[in-house]
Amino acid sequence: MKASQFLISTLKEAPADAEIVSHQLMMRAGLIKKLGAGIYNYMPMGLRVIRKVEAIVREEMNKAGAVELTMPVVQPSELWQETGRFDKMGPELLRIKDRHGRDFVVQPTSEEVITDIARQEIRSYKQLPKNFYQIQTKFRDERRPRFGLMRGREFTMKDAYSFDRDMVSAKASYQVMAEAYRKIFDRFGLQYRAVAADSGAIGGDLSEEFQVIAATGEDAIIYCPTSDYAANIEKAEALAPQRARPAATKPLTKVPTPGKSTCPDVAELLGVPLATTVKSLVLATDEVDEHSAIVKSQIWLLLLRGDHDMNEVKVGKLPGFEKGFRFATEAEVVDHFGTKPGYLGPLNLKKPVRVVADREVAIMADWICGANEADFHITGVNWGRDLPEPELVADLRNVVEGDPSPDGKGVLAIERGIEIGHIFYLGTKYSKAMNATFLDEGGKPQFFEMGCYGIGITRLPAAAIEQNHDDKGIIWPAAIAPFEVVIVPMGYAKSEQVKAAADKLYAELQAAGVDVILDDRDERPGSMFADWELIGVPYRLVVGERGLKEGKIEYKARTDAEASMLDATTTVAHVRGLLGR
RNA sequence: CGGAGUGUAGCUCAGCCUGGUAGAGCACUGCGUUCGGGACGCAGGGGUCGCAUGUUCGAAUCCUGUCACUCCGACCA
């Protein structure tokens with residue numbers, strides 16, 4: 001490719017709405033251009049990166065035995081009605097109508113359509129297992145799109161779906177994907193971690209997220225540096241403390257805490273550690289009739305240590321919370337506790353509530369909580385003495401740095417990550433909902449055992465940039481760089497010698513199968529160097545009269561501090577060596 | 001969806017408070033000088049100031065409405 005034929009549109013300043021470095025650099029390097037909130041043009045330079053990501057993913061998926069197909073971006077609502085997701089999914093599912101007023105959705109994912117294909121096409125156990133995938137445009141009407149391609153509304157995802165005859169086989173298919181994903185992410189040259197994820201209602205451990213490690217990541221990754229344990233924050237279990245509850249030593253005392261409605265404020269006022277306070281969270285679960293009208297609400301009081309945070313996924317699994325929960329309204333709080341949030345506690349309730357204590361809270365003695373009276377807290381609270389033992393003790397909180405690892409082999413550490421892949425065992429959730437069956441050896445219909453496997457194709461370049469950049473710009477891993485090599489001639493239009501040498505080098509590299517761009521724009525050297533460092537091409541070759549006099553070509557990797565000189569005659573071989581071809 | 005904020009040239013922004021014929025830098029075009037680390041000079045092109053209403057002799061500026069976008073909170077590749 002010659003730069004004069006291509007489109008290079010770099011910016012010195014980043015647009016004001018680009019917050020994080022990957023977004024800023026993608027805009028400045030002219031990779032993407034915003035068309036609307038969370039909707040981007042992939043400009044020629046950016047599309048080359050996307051295509052390379054796709055090619056790697058496609059190659060490894062094919063090697064793993066998956067077969068490619070594509071499903072429509074716009075899908076009729078009927079299939080989505082079958083699984084109930086047309087109504088159940090929130091507004092992130094974009095629903096549209098055609099000219100006849102019929103409902104359609106813009107696919108955020110394709111379980112319905114692929115299950116429909118499977119139930120029509122796969123009739124016998126002899127055709128199993130199968131794994132279908134597509135690389136296709138997705139749309140999720142995010143509440144808050146941000147960070148460029150990191151959280152766009154329209155994006156490209158590779159989504160794969162496996163179909164198996166039974167759970168044993170399905171788990172084997174899952175493992176094949178887990179292995180393929182590692183190969184894929186290894187090829188991108190990024191630091192990543194595969195972490196155990198929560199698999200929701202289906203249960204089991206068969207869900208992993210692939211997280212690219214980056215300080216700006218939106219997800220917290222929990223891992224154990226001394227073992228191979230890794231999980232996301234939703235999943236990581238806070239083990240029950242091994243120590244016994246200390247004996248009560250302090251009397252129950254009501255203390256004034258005017259205006260101090262949070263645990264940190266109260267701890268500071270009383271001069272005690274935050275870990276001696278207990279925070280009260282009031283939740284409600286609703287029983288609904290067939291019209292989704294609330295017929296009865298149960299109020300719950302969850303107790304967590306003042307320095308801990310509630311984990312909504314864990315809470316959602318408590319007995320009684322299976323059908324969802326919400327925060328109680330202020331009216332419900334006043335009704336049961338006699339005061340507004342800020343001074344709540346399990347003592348002196350106006351109406352009974354069900355109490356759930358976190359494992360840590362259950363072994364606390366002499367703790368502090370709200371008095372159920374504005375501007376007062378109670379100190380020296382003790383289980384058994386001042387209130388009954390908790391009805392239920394459970395893991396309610398997010399783990400924190402230093403908690404023991406669930407595998408018992410050390411303590412937990414936390415880092416940030418960007419989720420670029422997720423693999424998931426689905427079981428028969430969709431096949432049952434859509435009555436998708438095949439015939440087994442006995443001629444009996446059986447539901448497909450399914451799995452689904454996603455990779456955020458367009459998110460990946462953003463994650464790569466977050467992990468690989470410097471003050472000059474992007475530093476692409478060679479595997480996904482828009483070009484592998486750039487030839488920068490000094491005075492291309494002015495010097496016959498330079499032009500001839502640059503053209504020759506360009507032709508030879510092309511012949512060697514190198515993805516090379518020749519910068520024939522005849523810009524000033526400084527601005528060409530700055531452009532290519534911003535764009536992040538891994539290898540740069542400078543052709544100038546100065547070097548040619550000695551028969552040399554200047555070489556510099558994007559990551560090198562200084563350039564070095566190569567013999568013009570061996571330059572192509574050197575580049576081929578770098579790229580391994 | 002709740003809270004906050006911003007809409008002026010392709011990009012970054014000034015002008016608005018205090019109404020009076022729309023500005024700068026970068027980018028772009030032409031000419032000249034220069035040219036191995038984002039050059040300089042001269043001359044140019046480009047904006048119905050998000051949109052709509054109202055107030056006014058007169059609105060980028062003031063009022064009202066509306067749309068879009070951005071930021072902060074609960075979901076997700």
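This is a predicted model: local features need pLDDT of at least 70, side-chain atom pairs count only at pLDDT 80 or more; totals for chains, interfaces and linings use all residues.
- Because eight of the eight residues of strand 24 (residues 449-456) are buried, the strand is largely enclosed by the rest of the structure.
- Strand 8 runs antiparallel to strand 24 and is joined to it by eight bridges; within this pairing, Asp164 has Glu449 as its bridge partner.
- Strand 21 also runs antiparallel to strand 24, with six bridges between them, and Phe424 stands opposite Cys452.

**Around RNA strand B**

- RNA strand B is surrounded by 44 residues, and the closest are Ala16, Arg143, Arg144, Glu533 and Glu554.
- By type, the residues of this surface are 22 charged, 13 nonpolar and nine polar.
- Sugar or phosphate accounts for 46% of the RNA strand B atoms within 4 Å of the protein, and bases for the rest.

**Individual contacts and contributing elements**

- The side chain of Arg28 has an N or O atom 3.2 Å from a base oxygen of RNA strand B.
- A polar backbone atom of Ala37 is 3.3 Å from a phosphate oxygen, and one of Ile420 is 3.2 Å from a sugar or linking oxygen.
- Elements giving two or more residues to this surface include strand 8 (154-164) and strand 21 (413-427).
- Helix 14 gives the most, with seven residues.

Definitions and conventions: Residues are numbered from 1 along each chain as its sequence is written. Chains are lettered from A and ligands numbered from 1 in the order in which they are written. Side-chain values use heavy atoms; hydrogens and water are left out. A residue is near a molecule or strand if one of its heavy atoms lies within 4 Å of it. A polar contact is a pair of N or O atoms within 3.5 Å; within protein, one must be able to donate a hydrogen and the other to accept it, and residues adjacent in sequence count only if both atoms are side-chain atoms. Helices (H or I, at least four residues) and strands (E, at least two) are DSSP runs, numbered from the N terminus. Ala, Val, Leu, Ile, Met, Phe, Trp, Tyr, Cys and Pro count as nonpolar, Asp, Glu, Lys and Arg as charged, and the others, Gly among them, as polar. Buried means under 20% relative accessible area, exposed over 50%, partly exposed in between (1.4 Å probe, protein chains only). Two strands pair if DSSP finds at least two bridges between them.
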